[in-house]
Amino acid sequence: MASTVLTGEGASVPRDVREDFAASGLAHLLAVAGLHLGIVLGVLMAVFRIGFAAWMWAALRWPCKELSALLALLGGAAYVALTGLHLPATRSLMMAAVVVLGLVAGRRAVSMRGLALAATVLLLVMPQEVLGVAFQMSFAAVMALIAGYEVARPHLARFREEGRGFRRWLTLHLVTLTLTSLLAGLATLPVVMAHFGEVQPFFILANLIAVPLMAVWIMPLGLLALMLMPLHLDAVPLHLMGWGIQLVLHLAHSIAHWPAARMLVPHMPGWGLAAVLLGLCWLCLWRPVWRLAGVVPVLAGVLSPFLVAQPDLFISPDGGLMAVRDGHALLVGGQSRDAFLLRAAWQQALALPPQPFPAEGEETPDGALACGQDGVPDVCLLSLNGRSVLLRVRDQSDGEALLPDSLCAGMDLAISAAPLRQSCPGVRKLDRFTAWRGGAQAIFLRPDGVRVVSDREVRGARPWVMKPGGHGMPTLPLAPED
């Protein structure tokens, strides 16, 4: 973790540690981005301001605050370069440059206008970032923080002026930390739902403890270690940094194993995410009471995964793997070179655990899916929503062995991992050739008919889009996001 936050090299972080951080809502600590850069800039600016204040001649003659901000920005740029100039860190540096520009110009540094300026500059340079999860999460969080503290600032100031003492100071800081975690967490929660298909309900508690440890212990000691490395004096700060990291690791592991620490949610449609972001903009940008109307589209977007129809069948891009949505599980059968990735993607889309197809001669408890019937191996029959589907999971003959006509009779759809060729005449077919032409398939079984949606239909046959299944190359170069 130390190498991750100091150099951007996170390959050595074990998979189980990453899972613990994801389940506890602390995954952002392992991605060098706005939080880390903000801590670095804050620490450097505090050090420079203290140094200028201790130098009387400079304190009386120089604009120390503005100089400290510029020097901190240079240090932040060096940190971003050290960590590999990753896109999230570079984006955060651009936003930080706008904040420093506001400080130097004597304007309010953190404001909606500054955020809009940063977003405009970023989109002019990298317009494809508007569809990225990092862009959406960072700008949603910052916008919510600015709007939230505009409302809470008078109340916090009144509480600060009503008294003094360590207890009041500690209470104020705890309230501020909780409010910050609450605003940023709630603003980014729908984005996490849309892109990762899960919710971490204990993220506020985890960040309430972990973020202060990062800000006052781990990152300052890490920066001190970096400065002392050329002198070979970095052992002591790195050991002290490790103690703080151990606390964060223990925190993430503990919260990740709490009941319901990681709740899966179905895939959010595009219009749901758009509704959330537009509602959040309405809620944050307006100041009169009608700003509260933004809650309606936000709630509609959050509930959208549970309002749209989910596919009943999936076919992989190569046609070799197929899945059936069956109540509380996702039944998966067949073979594919990308089977592990496909199972994970389908599980994330439907929020259902993957399970294998029934064995030969067996069926699901409700009898909807039965395999090995009529003595034909590797063939399953699905009866769902008044529709019948034949699933040929494997075929060693590559379609040369024809299926019995008695088995195909009355079927609304025939699906095969191999070419169906002359099998099942008069029945609608989806086989390996179909996947080759159209890519992955999603099938909706309804009483009024069968609807098939292919990857090619959704993405289109554009020159810059790869062929279905990822084979071949597009006519035009791939975009950076691809």
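This report describes salt bridges and a nonpolar surface patch in one protein structure.

The structure is a predicted model, in which local features need pLDDT of at least 70 and side-chain atom pairs count only at pLDDT 80 or more, while totals for chains, interfaces and linings use all residues. Residues are numbered from 1 along each chain as its sequence is written, and side-chain values use heavy atoms, with hydrogens and water left out.

**Salt bridges**

A salt bridge is a side-chain nitrogen of Lys or Arg within 4 Å of a carboxyl oxygen of Asp or Glu. Across the whole structure, a search finds twelve salt bridges.

| Pair | Closest N and O atoms |
|---|---|
| Arg392 and Asp395 | 3.4 Å |
| Arg421 and Asp398 | 3.2 Å |
| Asp398 and Arg432 | 2.8 Å |

Relative accessible area describes the surroundings of these residues: buried means under 20%, exposed over 50%, and partly exposed in between (1.4 Å probe, protein chains only).

Arg421 forms a salt bridge with Asp398. Arg421 lies in the loop between β10 (413–416) and β11 (429–430), and Asp398 in the loop between β9 (387–392) and α15 (405–408), so the pair ties together parts that are 23 residues apart in sequence. The helices (H or I, at least four residues) and strands (E, at least two) named here are DSSP runs, numbered from the N terminus. Arg421 is partly exposed, with a relative accessible area of 35%, and Asp398 is partly exposed, with 28%.

Asp398 also forms a salt bridge with Arg432. This pair links distant parts of the chain, 34 residues apart, with Arg432 in helix α16 (residues 432–438). Arg432 is partly exposed, at 34% relative accessibility. Through salt bridges that share partners, Asp398, Glu400, Arg421 and Arg432 are joined into one network.

**A nonpolar surface patch**

Patches are made of residues with over 30% relative accessible area and no salt bridge; like charges are joined within 9 Å, and nonpolar side chains (Val, Leu, Ile, Met, Phe, Trp, Tyr) within 5 Å. Accessible areas come from the Shrake-Rupley method with a 1.4 Å probe, and for residues only the protein chains shown count as cover. Trp282, Trp286, Val289, Trp290, Leu292, Val295 and Leu299 make a nonpolar surface patch of about 730 Å². One of these residues, Trp286, is located in the loop between α12 (270–285) and α13 (295–303). Trp286 is partly exposed, with a relative accessible area of 37%.
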